Amino acid sequence: MKYDTVIIGAGMSGLSAGVRLAYYEKKVCILERHTTIGGLNSFYRLRKRNYDVGLHAITNYAEPGTKQGPLSKLLRQLRMTWEDFDLRPQLRSSIVFPDCRLHFTNQFSVFVDQVAAAFPSQIDGFRRLVQRIAEHDALNLDRQVVSARQVVSEYIRDPLLVDMIFCPLMFYGSATPRDMDFSQFVIMFKSIFHEGFGRPFEGIRLILKKLVRHFRSLGGDLRLRAGVREISHTNGRATSVTLDDGTEIEADNILSSAGAAETLRMISPGSPPVKAEPGDISFVESISVLDCAPADLGHRDTIVFYSDSPAFHYERPSEPVDLRSGIICSPNNFDYSEPLEDGRIRITALANPHHWMNLPDDQYVAEKDRWNDRIIDSAVKHIPEFRSHVIDTDVFTPRTIRRFTGHLNGCVYGAPEKFVNGQTPLSNLFLCGTDQGFLGIVGAMLSGITIANRHLLK
Ligand SMILES: Cc1cc2nc3c(=O)[nH]c(=O)nc-3n(C[C@H](O)[C@H](O)[C@H](O)COP(=O)(O)OP(=O)(O)OC[C@H]3O[C@@H](n4cnc5c(N)ncnc54)[C@H](O)[C@@H]3O)c2cc1C
């Protein structure tokens with residue numbers, strides 16, 4: 001069978017692009033190598049409990065019915081409803097550095113007041129930075145890369161405040177170490193500080209299942225266990241994909257969410273060479289299931305971003321895990337109408353992918369346990385001691401991410417250099433998702449929609 005578009009990958013971006021194209025009656029097939037949907041944002045069941053892979057919080061929170069902003073745009077473009085996402089707002093999050101703590105909620109004024117109280121000499125500059133952010137067109141696909149640290153330092157002189165602002169923005173959306181592109185900074189600033197966090201009561205599976213149901217109801221085909229091995233081409237145009245089992249599928253266009261380096265490696269020999277280096281920013285995540293709610297232990301924050309040193313280090317660590325900083329997320333601490341089934345504490349820290357990829361199999365499990373203990377040791381400096389309440393644990397590493405998504409280096413935010421306009425050396429092969437450049441859950445969905453609109457629905 002021949003399709004209008006074949007989409008590689010059933011993560012957030014691939015599924016969103018699929019819905020958008022199927023809505024316009026395009027014949028679309030999504031091919032996914034894994035046995036399930038979701039990619040970096042999937043879900044699984046382990047020892048009779050449900051887990052999310054990559055959900056701390058959905059950024060860009062908006063109250064149901066809101067007309068402006070990325071979330072309402074996304075829902076409109078996908079013809080989905082606020083109920084399909086069922087988002088509940090965060091309670092409160094914190095950025096914790098030595099001797100300084102800033103809280104923020106989904107009300108931006110709370111953050112402004114916190115900055116004013118903790119950094120009175122910087123508040124005027126901070127307000128001018130907020131104005132600059134409001135005026136910047138971060139979604140311009142023809143944008144130039146500009147250092148965000150350079151721009152921010154024009155407004156804020158105190159390095160501690162600079163790093164406290166960068167910490168959550170980089171943790172939740174920087175493919176580059178130490179600094180980020182100013183447009184990406186603006187996207188993340190708005191999505192975290194202006195709009196804030198929400199989470200569906202049932203976790204990410206709710207949104208994923210709605211997307212798939214919607215896609216199929218519009219006539220789309222979704223094939224699992226259907227990894228793409230090769231993309232064939234003639235005269236600068238992709239013609240078909242070959243699956244791992246040798247099946248060939250023809251398509252007028254191909255849209256890949258597998259990553260830039262990963263996709264270019266699939267192109268059969270003879271295409272013009274284009275450089276795409278995979279990134280190496282990855283994480284280890286420790287998930288503890290508790291016999292009580294974190295609030296019962298006195299922990300009410302939704303997310304805590306911490307750094308034990310005044311200078312925030314965001315780069316591939318030389319150690320297996322960077323214990324100097326991390327993210328502590330409690331999925332319980334959202335504004336639900338009823339409590340979640342069990343208590344959870346998720347702790348995420350930067351990891352060295354090369355260490356985890358190269359470990360011999362017989363050392364891997366012991367190494368995960370060892371570093372899990374150390375990650376928790378460093379996190380309990382910032383939240384109440386919870387270890388006597390742990391009834392189950394799961395840990396994943398860059399190696400897990402590589403295994404289940406195919407991302408080289410188990411890289412979460414993709415290549416440092418993005419393909420912002422989605423184009424590749426083949427005129428009808430496009431990229432969406434992580435390596436197009438819109439990151440995170442909402443970013444990936446908007447990326448799928450944007451590239452579908454720009455190149456496949458003209
Ligand atoms: C631990 C963790 C926590 C996170 N927390 C958050 C958070 O709280 N909030 C947030 O907004 N974002 C979060 N993210 C990031 C977010 O999950 C991702 O940015 C987003 O899901 C990326 O979606 P994507 O579609 O671009 O890519 P992916 O999800 O990677 O989708 C690509 C898909 O392509 C498939 N694939 C690859 N190669 C092939 C092939 N050859 N053939 C067929 N299929 C193939 C993969 O299996 C995968 O399913 C987190 C990520 C992680 C890992």
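Where does the ligand lie relative to domain 1 and domain 2? This is a predicted model, in which local features need pLDDT of at least 70, side-chain atom pairs count only at pLDDT 80 or more, and totals for chains, interfaces and linings use all residues. Residues are numbered from 1 along each chain as its sequence is written, and side-chain values use heavy atoms, with hydrogens and water left out.

1. The ligand lies between domain 1 (2-87 + 202-278 + 415-456) and domain 2 (89-200 + 279-404), because both give residues to the shell around it. The domain bounds come from an automatic or database domain assignment.

2. Around the ligand there are 34 residues (a heavy atom within 4 Å). S13, E32, N41, A57 and H407 come nearest. The shell divides into 16 nonpolar, 15 polar (Gly counts here) and three charged residues.

3. Now the polar contacts (N or O pairs within 3.5 Å). A polar side-chain atom of E32 is 2.6 Å from a ligand oxygen atom. Polar backbone atoms also take part: that of V228 lies 2.8 Å from a ligand nitrogen atom, and that of T434 lies 3.0 Å from a ligand oxygen atom. The protein covers 97% of the 1,000 Å² of accessible area (Shrake-Rupley, 1.4 Å probe) that the ligand has on its own.

4. β14 pairs (at least two DSSP bridges) in the parallel sense with β6 over three bridges, and in the antiparallel sense with β15 over five bridges. Y306 is the bridge partner of V96, while V304 stands opposite I328 in β15.

Key: Helix = DSSP H or I, 4+ residues; strand = E, 2+ residues; numbered from the N terminus. Polar contact = N/O pair within 3.5 Å; in protein donor to acceptor, adjacent residues only side chain to side chain.
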